[in-house]
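Please examine the sequence and the structure shown below. A short report on selected features comes after them.

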Amino acid sequence: MDPAQERLRRWRLVLGGDAADGTGQALYGKDAAMDGALAALYGKGDRPRTDRGGRDRSAGLGASAPSVARWLGDIRRYFPSSVVQVMQRDAIDRLGLSALLLEPEMLEAVEADVHLVGTLLSLTKAMPETTKETARAVVRKVVEDLERRLATRTRATLTGALDRSARVSRPRHRDIDWNRTIGANLKHYLPEYRTVVPERLIGYGRASQSVKKEVILCIDQSGSMAASVVYASVFGAVLASMRSISTRLVVFDTAVVDLTDQLDDPVDVLFGTQLGGGTDINRALAYCQARITRPAETVVVLISDLYEGGIREGMLKRVAAMKASGVQFVTLLALSDEGAPAYDREHAAALAALGAPAFACTPDLFPEVMAAAIEKRPLPIPETA
């Protein structure tokens, strides 16, 4: 196909074949099938339409599981996995297909990803017993993929942070923390030699196998936080596998649930959550605060869009009290690849004034954020935050 014809073909697929598309291009074979799959989801209505190839088309997938299953198979055949995941998400949102996910044969046909897991978790109460095992298998596949991608780097990053957080005054040469050593010895600067003569060396220690830090993940399980709940559960399991870190995982809406005893299996953690409902951040922080025994060695990570349904002043006082006691407090508006969701900007500004700036964090950045909190250095806040 010559370049001009190829451009027309692509524009025809983009514009959808209405009379006003202006291409005059007919589609055949695979192109026609791709166009039909797109039209079923993104067509303008349920009325029949005829494209320029003379073929009747209609928007909508219909209500039957067989037709949706065929459509899912079609899009997996014609589009890459990343596009399939977007189209599935749009189909659930635009066409109300959530109920069909309660059927095992439907779950076997979908492309599993974080967003699908969030949808399944929101349906657990309505899920029949015949579907639950299939749903767990889908969730486990996504969780295991995430663990393979995130675990090694997370452990390596945090192990280094734990080593560096144990400072020693007589370090070996390779363990000298040059930035802190120079800062502590600036008064010994010799202008004539343009150098610092260090009187006191500051070095990195080596973390032993005993518990060095305590981490509390406090996760908002309101419906908008679904992807964050999935990622936080995986990271919680990874942290819990490190002997130098004592990890607690708490989820909340208007009630508070401690899922720490299930951290050996993040799938159990996820099925222990209940997406949706209200939000009481103050109550959740009160629960976490009561379980802090070593404030100076504790990191509390609040993952929430900050829409507080509880006592706002109480929430802020608890954060201030924890920080005053030496706790490193981190506020994440989201832990996902999607950027910041809608969030309460007034509460975010109030937390920032307390020294706990709120920002969205990607899964790839999370190990660096935790490492900075462990070492008590400034957090690597993205410029777009």
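The model is predicted: local features need pLDDT of at least 70, side-chain atom pairs count only at pLDDT 80 or more, and totals for chains, interfaces and linings use all residues. Residues are numbered from 1 along each chain as its sequence is written, and side-chain values use heavy atoms, with hydrogens and water left out.

Helices (H or I, at least four residues) and strands (E, at least two) are DSSP runs, numbered from the N terminus. Some of them are listed here.

| Element | Residues |
|---|---|
| Helix 1 | residues 3–15 |
| Helix 2 | residues 29–42 |
| Strand 7 | residues 213–220 |
| Strand 8 | residues 245–252 |

Six strands form an open sheet of mixed pairing, in the order 9-8-7-10-11-12; two strands pair if DSSP finds at least two bridges between them. Strands 9 and 12 stand at the edges with a single partner strand each, so one side of each has no neighbour in the sheet. Strand 7 and strand 8 pair in the parallel sense over eight bridges, and Leu 217 has Leu 249 in strand 8 as its bridge partner.

Helix 1 and helix 2 pack at about 25°, with axes 9 Å apart; axes are lines fitted to C-alpha atoms, for helices over the stretch in contact, and angles run from 0 to 180 degrees between N-to-C directions. The two helices are therefore roughly parallel to each other (angles under 35 degrees). Their contact (heavy atoms within 4.5 Å) involves Arg 9, Arg 12 and Leu 13 of helix 1 and Asp 31, Asp 35 and Leu 38 of helix 2.

Note on methods: Angles under 35 degrees count as roughly parallel, over 145 as roughly antiparallel, 65 to 115 as roughly perpendicular and the rest as oblique.
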